[in-house]
Amino acid sequence: MTRRDNILLNIDWFTVFLWVALVVFGWMNIYSANIMKGDGTVMDFSQRYGKQFIWLLVSIILILIIFLLDAKFFPFFAYLLYGITIVTLLAVLVFGKEINGAKSWFVIGGFQFQPSEFAKLFTALALARLLSSYGFVLKNFKSLVLAGSIILAPALLIMVQPDLGSMMVYFAFIFVLYREGFPQNLMVLGSILIILFVITLLVEKIYILPVIWIIALIVIKLFKVPLKSVLYIFAAGILPAGILVFFMQSGQQVMGYESVILISIAASLLFALIIAIRLRNNNLYKIIAGMVISILFVISVDYAINNTLKEHQKQRIYVTLGIEDDPQGVGYNVNQSKIAIGSGGFSGKGFLNGTQTKLQFVPEQSTDFIFCTVGEEWGFIGASAVVILFVLMIVRLVILSERQRSDFSRIYGYGFISVLIVHFTVNVGMTIGLFPVIGIPLPFFSYGGSSLLAFTLFLFIFLKLDSNRKELLR
Amino acid sequence: MKYFDNRKYVFIAIAIIIGLVFITKLFLLQVVERSYKVSAENNSQRHVVTYPSRGLIYDRNGELLVSNQAAYDVMVSPVNVSEFDTTEFCSLLGIGRDNFLERLNRAKNYSWRINSVFMKQVEFKIAAVLHEKMYKFPGFTLQSRPLRTYPRPIASHVLGYIGEVNEKNIQSDDYYSAGDYIGVIGIEKSYEEVLRGEKGLKVYLKDVHNRIIGPYEEGKYDMPVKVGRDIAISLDAEIQEYAETLMQPFIGSVVAIEPSSGEILTMVSAPTVNPNLLIGRNLGSTIKKLSADTLNPLFNRAVMAQYPPGSTFKTINALVGLQEGVITTETSYYCDYGFYYRGIHVGCHNHETPLDLIGGIQNSCNTYFCNVFRRIMENPGYENTEESFNHWRDHVTSFGFGEKLGLDFASELKGNIPTASYYDRYYSKGHWNFLTILSMAIGQGELLITPIQMANMTATIANRGYYITPHLIKKIDGQDHIDEEFVRRNFTTIDSSNFVPVVDGMDLAVNGGPGSTARIARIRDITVCGKTGTAENPHGEDHSIFIAFAPKDDPKIALAVYVENEGFGGTWAAPIASLVIEKYLTGEVKRTWLENYVRNGNTNDEETEE
């Protein structure tokens with residue numbers, strides 16, 4: 001069994017190659033985004049490209065350490081590391097430094113350190129440990145709550161900072177749960193809720209609620225409920241609505257239209273419930289439940305949008321959805337970003353020849369908007385290449401995860417895959433105007449030590465587990 | 001836990017779908033859509049335009065006619081405007097808050113980014129103060145603009161004026177952008193490209209804060225500013241001014257040409273306009289006011305007014321008759337106060353009779369030229385009147401009539417020499433003869449000729465058979481300007497020898513005994529050759545016309561004078577022409593009595609009428 005002992009042979013060199021490609025290309029673009037023609041040397045450590053180079057070296061040292069550690073170290077210390085993470089996230093709220101309106105940084109001797117970047121990694125470890133523990137079944141309510149808590153605890157702490165972007169990444173772990181047997185129905189519900197979320201932003205809820213009701217009626221009919229019953233449910237909603245509207249027309253301002261709609265739908269639902277009990281129709285229960293959740297969701301999203309989101313966050317969402325067009329205002333970032341990428345053309349302006357990114361038209365051009373530099377200087381070819389590298393990495397990691405004998409390794413692998421998908425999709429999506437501007441970095445690419453180290457650790461811990469897969473029995 | 005194995009495909013599918021969506025979007029953004037490239041250039045470059053000073057205009061003797069004065073426009077680029085002390089700004093410019101906001105909004109409506117005019121041509125004193133304080137007013141800049149000034153208030157019709165470019169200018173020539181100035185009319189227009197120079201351009205790289213980082217691509221796209229070139233025109237400022245004063249009481253035109261070169265020495269259209277009125281902020285309203293004037297002072301009569309030539313045209317008919325061989329210098333006709341033929345009667349005045357050709361011109365005998373015209377039109381050498389007419393017409397048009405002469409000057413009109421087909425249409429083919437068109441024998445009827453064409457005809461006679469296309473340009477940038485077009489001799493179809501008796505007749509018309517029609521134009525020691533004319537005017541009093549050149553041998557000046565609604569050519573046009581010739585050839589006018597007579601022209605006239 002020489003293969004088993006030879007770690008070098010068991011490492012997935014293809015993934016390592018992808019990592020090297022992304023990291024090197026990323027560093028080149030950070031260099032280009034920060035250097036002005038004729039000044040500075042490649043190794044100017046006061047500049048971002050110089051600092052990033054140091055972080056690259058640190059990453060390599062960390063990789064070596066990971067491969068020196070025993071693979072059992074990770075599942076064994078998963079909870080402990082997770083605990084430390086939670087404590088750190090609490091600490092940053094107290095001792096952290098506020099940068100850009102979020103208290104998410106430790107500043108130690110000139111170095112800035114962002115614990116939320118590492119929190120994802122340790123959450124993935126803890127989640128893998130939990131889900132792989134003996135006798136753990138996801139369908140069980142208690143286990144769902146446990147899994148949910150592991151995910152939500154850091155997410156909530158990060159939300160308090162507040163760093164909405166990083167917080168949203170934690171929703172990525174739903175994908176992990178999905179892979180591990182999270183019920184399909186809940187995924188469907190989740191998708192419906194996401195769609196409803198967008199619609200709620202676009203349309204007033206007074207129009208959405210009746211539409212939900214009508215769609216529900218159609219779905220009920222599709223699930224082979226007798227037409228007569230469907231008509232009863234329909235009538236149960238229409239009648240009170242009609243009566244109330246009639247009263248209001250005759251001048252008695254009893255209540256608002258919103259209340260009329262809610263009362264009518266409630267009446268209709270009540271009737272549906274009665275029919276469901278009589279018919280003992282399971283699907284009808286589910287539909288009623290789904291509808292209740294949807295309506296509550298719409299109402300709460302509407303409330304949240306109007307009462308909790310910051311003005312600029314609302315604006316960004318609106319601009320992305322095309323509700324508002326304001327190139328000099330909120331849409332400025334996206335517009336400048338699109339201009340930069342668009343101006344690259346098919347083959348780009350060439351390395352170091354970008355004007356848009358270098359002249360600071362694009363905000364955050366070496367962190368969140370690094371993809372602009374790629375688009376401008378390397379054109380469609382370069383930008384597509386980066387997209388392809390990421391897709392290849394995701395697909396490769398899925399294949400690697402599936403070949404794990406240990407559940408822990410597989411679940412951890414999917415944890416990384418999920419986070420990677422979300423970061424990649426949201427980051428590239430926002431620079432080309434497909435997503436709202438949510439400030440999360442492009443893995444391996446964006447400037448920033450915390451991000452680079454966290455993602456590198458995240459990946460190489462998995463590669464370490466993978467290289468060790470043959471030593472583990474199922 | 002292999003139950004959910006299939007779900008791995010969902011992950012792979014998601015990754016691939018996202019990848020495809022991104023690549024498609026990138027393709028649209030980077031390869032299909034072009035507008036982002038343009039935006040990128042606008043984004044990162046700042047174009048700083050430097051305006052050249054406009055070329056000066058001198059007269060033939062080097063006297064300055066048009067120069068520049070400094071004027072400044074206050075420009076604004078709304079996107080760069082940030083908070084500042086508006087009170088100070090407004091009080092400097094002398095405007096109120098509402099006015100300020102109105103102007104700013106107008107600029108915003110035009111463009112947020114592009115500079116546009118906030119306030120036009122602020123006074124120099126204000127501009128000087130603003131220059132120092134400009135740093136306090138972010139987004140505002142001062143832009144120097146050419147503003148013309150005219151040391152002598154003369155020749156406005158020739159010089160023309162400059163005004164802001166209109167939408168059409170901008171579209172037809174991408175040199176111009178909004179707020180630029182362009183020659184609207186006159187020399188300013190015809191030599192626009194010489195005078196304007198070339199705008200300079202400096203392209204800078206700027207960053208998002210509009211800070212200039214340095215020259216763009218090491219100044220590869222910079223263009224140096226080229227100042228406008230000075231020109232000298234052929235006008236003689238002294239003569240121009242003198243002629244303008246003489247024309248003061250009248251409506252009409254004086255055009256003088258140097259026959260040997262075709263250079264226009266004087267070009268007056270009365271009433272004149274002080275060119276200093278045609279500058280600055282109020283140009284638009286001034287133009288409006290002048291356009292409404294019933295005397296139409298903006299109408300350049302010298303090149304645009306089309307009158308019948310009257311008796312001056314007898315010279316042409318004499319030349320055609322001689323050339324066609326239908327008459328000789330000895331051909332004589334008896335005149336009994338007019339020409340009678342088949343019930344047609346063309347009246348004539350009292351003079352010696354019978355007269356030969358020279359006498360006919362000297363006395364301007366209508367009968368004589370009706371007979372000449374009959375001979376021309378009934379030429380036995382040709383088949384019919386139409387053929388004769390066409391030969392006549394060819395001779396006439398060889399003098400430059402009926403077509404634009406091709407001056408270096410805009411807005412010239414063609415005049416009219418009717419064609420045979422015109423009469424065919426009117427009377428039907430073969431149903432017209434010399435009698436039908438007899439009025440052209442004495443320069444009336446359908447003939448229409450502009451003063452510049454008339455002056456050119458006079459120059460042609462002075463040259464005994466050719467003309468050089470009249471022009472105004474003399475020098476560009478101090479170099480003699482020799483345009484092929486303005487050197488070539490355009491020979492008429494008339495032999496040089498045939499001009500001799502006509503010139504003699506014109507000599508006698510001025511210097512002959514009693515009966516000579518233009519004795520008032522006589523100048524001691526100078527042989528002036530002239531011919532009077534009276535253009536019938538259906539709208540009112542006849543127009544007074546006089547053409548003349550001098551000296552008879554080696555002519556230095558040929559001119560045509562039109563005075564509207566003042567009757568016989570000898571009354572006003574001849575003395576004016578004579579005075580201009582005297583002034584030009586001798587440098588001074590000794591006949592002050594004649595000068596006074598002309599200067600009080602209209603008033604004398606009115607007094608007698610009363």
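Modeller: Start with the term helix: helices (H or I, at least four residues) and strands (E, at least two) are DSSP runs, numbered from the N terminus. With that in hand, find B:Arg591 in the loop between helix 20 (573-586) and helix 21 (592-599) of chain B.

Keep in mind that the model is predicted: local features need pLDDT of at least 70, side-chain atom pairs need 80 or more, and totals for chains, interfaces and linings use all residues. Residues are numbered from 1 along each chain as written, chains are lettered from A and ligands numbered from 1 in written order, and side-chain values use heavy atoms, without hydrogens or water.

Is B:Arg591 buried or exposed? B:Arg591 counts as buried, because its relative accessibility is 11% (buried is under 20%, exposed over 50%, partly exposed in between, with a 1.4 Å probe and protein chains only). Now look at what surrounds the residue. A contact here is heavy atoms within 4.5 Å. One partner deserves a second look. The side chain of B:Arg591 reaches the backbone oxygen of B:Arg522 at 2.9 Å. That is a polar contact, a pair of N or O atoms within 3.5 Å, one able to donate a hydrogen and the other to accept it; residues adjacent in sequence count only if both atoms are side-chain atoms.

Step back to the whole of chain B. Chain B has 22 helices and 21 strands. Of its 610 residues, 55% count as buried. Take the contacts in chain B between residues at least 6 apart in sequence: 70% of them join residues at least 24 apart. The accessible surface of chain B is about 27,100 Å², and carbon and sulfur atoms account for 50% of that. The areas come from the Shrake-Rupley method with a 1.4 Å probe, and for residues only the protein chains shown count as cover.

Other loops of chain B also hold a buried residue. B:Ile442 sits in the loop between helix 17 and helix 18 (451-462) of chain B. Its relative accessibility is 12%, so B:Ile442 counts as buried. Outside the four places on either side in sequence, B:Ile442 touches B:Gly310, B:Ser311, B:Lys314, B:Val346 and B:Asn366. B:Ile442 and B:Ala535 are 93 residues apart in sequence, yet their C-alpha atoms are 9.6 Å apart.

Next, B:Ser364. This residue is in the loop between helix 14 (357-363) and helix 15 (366-377) of chain B. B:Ser364 counts as buried because its relative accessibility is 6%. Its phi is positive, near 55°, and it is not a glycine. B:Arg464, not a glycine either, also has a positive phi, about 55°. You will find B:Arg464 in the loop between helix 18 and strand 15 (466-468) of chain B. Most residues other than glycine have a negative phi, and most peptide bonds are trans.

Two peptide bonds in chain B loops come next. B:Ala270 and B:Pro271 are joined by a cis peptide bond, with omega about 0°. B:Pro271 lies in the loop between strand 12 (263-270) and helix 11 (283-292) of chain B. From B:Ala550 to B:Pro551 the peptide bond is cis too, with omega near -15°. The loop holding B:Pro551 runs between strand 20 (543-550) and strand 21 (557-563) of chain B.

End with a pair of helices. Helix 16 (residues 385-397) and helix 17 (residues 420-427) of chain B pack at about 140°, with their axes 10 Å apart. That angle makes helix 16 of chain B oblique to helix 17 of chain B (under 35 degrees is roughly parallel, over 145 roughly antiparallel, 65 to 115 roughly perpendicular, the rest oblique). Axes are lines fitted to C-alpha atoms, for helices over the stretch in contact, and angles run from 0 to 180 degrees between N-to-C directions. Which residues of helix 16 of chain B meet helix 17 of chain B? They are B:Glu386, B:Phe389 and B:Asn390, and they meet B:Ala420, B:Tyr423 and B:Asp424.
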